[in-house]
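The sequence and the model are shown first, and the description follows.

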Amino acid sequence: MAKSDWTCSLSAICEWESPDYEPSLPVSEKSNPLTRDIDRASANSIVKMLQACDAQMFQEETGSTYHKLLSDQVVTTLMEVAKRVELVLKDPEDSLVILSGCGTSGRLAFLITSGFNRALRQLNQSPVYSYIIAGGDRALLSSQEAPEDDPKLGMLSLKKVCEGKKRVLFIGISCGLSAPFVAGQLDFCLQHPEVYTPVLVGFNPAHQARDEPLPGCTFTFLSVVQRMQELAKSHQAFLINPAVGPEAISGSSRMKGGSATKILLEVVLSAAHAAAFSHTPVACNGILLHLRAYEKTLDLTYAQSEIITDLVEAAGESLRCGRRVCYLGWGSLALLGLIDASECNPTFGADFEDVRGFVSGGYRELNNKEGPLTALGPEFCIAHEDFLHQVLPRLTDKDTVLLIYTHSDDVGKVVDLARRVREKTANLHAVYHQTDEDTSAALQQDEISRLCLSTLKIAWLQGASVSASLLHMQWELSTKLVLNAVSTGAHVLKGKIYQNHMIDVQVTNSKLYRRATRLLQKLSGRPESQCEEALLKTIYGANKLTLDMTTSDVITHTCTAVTRTKFSGSKSFRPMCPRDVLDVPMATTQINGQPNGPIAA
């Protein structure tokens with residue numbers, strides 16, 4: 001494949017929809033035909049591949065078996081859920097709308113509830129939104145994957161948040177319809193219909209929900225979904241599960257899964273707010289217009305693909321040199337930097353120092369339930385002051401620093417920070433959003449551009465039909481797309497991906513254990529039983545498995561993997577490496593004739 005002229009055909013875009021394409025895998029775990037050679041691509045081609053994958057979110061239905069984001073069924077369900085939220089907004093006493101999820105889903109639940117509670121306070125209304133994330137607030141900033149496997153913990157977390165409430169609209173997010181934590185919450189809702197109305201958001205068809213026993217439970221995620229499907233006929237439960245296509249990096253739901261989650265929930269809550277406070281009834285046309293606005297966000301963002309490529313190349317070179325990438329942000333865009341950075345460890349086996357996010361105002365801006373978490377360790381130090389004290393003195397030109405802000409932030413402070421960073425490194429870049437009519441910070445922006453190697457400036461049209469809140473949500477989505485491209489592309493260039501599969505992942509929960517086994521089977525061609533045996537030998541560090549090892553459940557296996565990782569260090573324990581686990585010779589990937597990292601780091 002040429003390094004700079006990557007293109008995709010319509011057949012490649014739709015190939016994943018064929019019933020013969022990886023038929024044993026759910027959509028969220030399939031490999032995307034568009035990116036099967038991403039490990040050998042240039043930075044420019046990586047960005048084009050990511051653009052094509054993101055565009056799959058808005059594919060029209062073409063008689064396939066999958067419901068898409070813009071399908072009539074999905075739009076109708078969004079309307080019905082928006083009306084339920086509207087009821088809570090109009091009568092908020094003893095009521096809650098809860099968003100809950102694991103990993104990226106939980107982080108986006110936090111981001112979205114924070115934004116909409118802020119909007120309510122601006123209207124002198126009481127906040128009605130709350131978030132739950134598996135692992136608590138520390139999971140907002142670091143990988144806490146083991147709690148995802150605990151359905152009882154999910155149920156208890158929900159019960160605690162809802163104590164004393166008489167009406168709860170619960171929105172559980174599980175991109176693969178697989179997280180036991182969320183399944184436990186949904187089951188609890190189904191047991192108490194007098195209080196709870198459950199909504200499930202995910203991106204697999206219902207029949208592809210995970211059908212494995214959950215620890216300590218008599219139900220599976222699939223059985224929960226089937227019960228919800230029956231109740232959906234009478235609008236007592238709701239499923240929002242369009243297929244948006246396989247992820248660019250197989251199974252990495254932080255990308256399209258996260259973007260689609262943000263899009264769907266913001267469409268629902270925005271429609272409810274307009275109905276409750278602006279006398280604009282929830283309607284199909286309004287839902288579709290909002291969805292189309294997000295589609296335009298993709299187009300406007302990727303129109304800057306040349307500069308995004310520059311950012312990917314800079315970040316990739318930093319990681320290849322063993323240096324770091326830092327996001328310095330303001331407002332909610334800074335939170336997206338925190339989220340993106342937190343996802344690099346579980347996705348690419350990265351150290352927390354490799355990609356870090358910092359936010360102006362620190363925990364005061366974050367405003368999370370549990371307050372400051374700095375006592376938990378350096379990876380929880382997130383303020384600009386922390387960056388200035390802990391990171392800036394050690395910066396070199398091999399580090400990449402990215403400023404993230406909008407014209408409505410204090411651009412003067414952006415200039416001040418840019419000057420201080422520029423004293424230590426020339427490798428400074430900026431992502432900046434402004435409306436097309438705003439020129440108030442033009443001189444300051446010119447100085448920032450002079451200080452930076454590259455500036456990704458996106459000018460947005462703000463007509464009468466575009467509210468300030470919609471515009472800000474578009475800025476957020478655009479920023480998420482850019483940061484996902486930067487961190488993903490950089491790790492691809494570092495050699496953390498084989499074909500389009502993660503091969504440097506810790507097996508820290510049941511989802512990753514199953515994914516590891518499937519990947520070993522796909523890449524080695526060996527039987528599933530042999531692949532699982534090889535994986536267990538690596539996890540337990542044994543040449544021969546004992547009866548206790550082979551008869552233990554997946555939870556025991558993943559706890560052992562976590563324990564070994566802690567003692568061995570994240571850079572030395574790699575149970576995901578097919579070459580090491582199965583002793584199968586495999587070639588390194590190449591870029592410009594040079595090794596792009598072996599399959600095992």
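Helices and strands are DSSP runs, numbered from the N terminus; a helix has at least four residues and a strand at least two. The model described here is a predicted one.

## Overall form

The protein contains 22 helices and 14 strands. Its radius of gyration is 23 Å, close to the 25 Å that the globule rule gives for 601 residues, so the protein is as compact as a globular protein of that length. Along the principal axes, the C-alpha atoms fill a box of roughly 65 × 60 × 50 Å.

Of the 601 residues, 61% count as buried. Among contacts between residues at least 6 apart in sequence, 77% join residues at least 24 apart.

## Surface and charge

The accessible surface of the protein comes to about 23300 Å², and carbon and sulfur atoms account for 50% of that area.

## Aromatic pairs

A pair of aromatic rings is described by the distance of the centres and the angle of the planes. Seven aromatic pairs are found in a search of the whole structure. In one of them, the ring centres of Phe110 and Tyr131 are 5.0 Å apart and the planes stand at 75 degrees; planes over 60 degrees apart count as edge-to-face, so this pair is edge-to-face. Phe110 belongs to helix α4 (residues 104–122) and Tyr131 to strand β2 (residues 129–133), so the pair ties together parts that are 21 residues apart in sequence. Phe110 is buried at a relative accessible area of 3%, and Tyr131 is buried at 6%.

The rings of Phe116 and Tyr129 have centres 6.1 Å apart and planes at 65 degrees, so this pair is edge-to-face. Here Phe116 in helix α4 and Tyr129 in strand β2, 13 residues apart, link distant parts of the chain. Phe116 counts as buried at 8% relative accessibility, and Tyr129 is buried with a relative accessible area of 5%. Elsewhere, ring pairs join Trp330, Tyr405 and Tyr432 into a cluster.

## Two individual positions

Apart from neighbours within four places in sequence, Thr455 is in contact with Ile307, Ala430, Gln445 and Ser449.

Pro281 is located in the loop between α8 (256–277) and α9 (284–302). Its relative accessible area is 65%, and Pro281 is exposed because this value is over 50%. The C-alpha atoms of Pro281 and Glu86 are separated by 9.7 Å, although the two residues are 195 residues apart along the chain.

## Backbone angles

Most residues other than glycine have a negative phi. Leu177 is not a glycine, yet has a positive phi of about 50 degrees. Leu177 sits in the loop between β3 (167–173) and α6 (180–191), and is buried at 0% relative accessibility.

Gln499, which is not a glycine either, has a positive phi of about 55 degrees. The loop that holds Gln499 lies between β11 (497–498) and β12 (501–502). With a relative accessible area of 28%, Gln499 is partly exposed.

Definitions and conventions
Residues numbered from 1 in each chain as written. Predicted model: local features only at pLDDT ≥ 70, side-chain atom pairs only at ≥ 80, totals over all residues. Heavy atoms only, no water. Rg over C-alpha atoms; globule rule 2.2 N^0.38 Å. Buried < 20%, exposed > 50% of the residue type's maximum accessible area, 1.4 Å probe, protein only. Contact = heavy atoms within 4.5 Å. Areas by Shrake-Rupley, 256 points an atom, 1.4 Å probe, with all protein chains shown as cover. Phe/Tyr/Trp six-rings, centres within 6.5 Å; stacked < 30°, edge-to-face > 60°.
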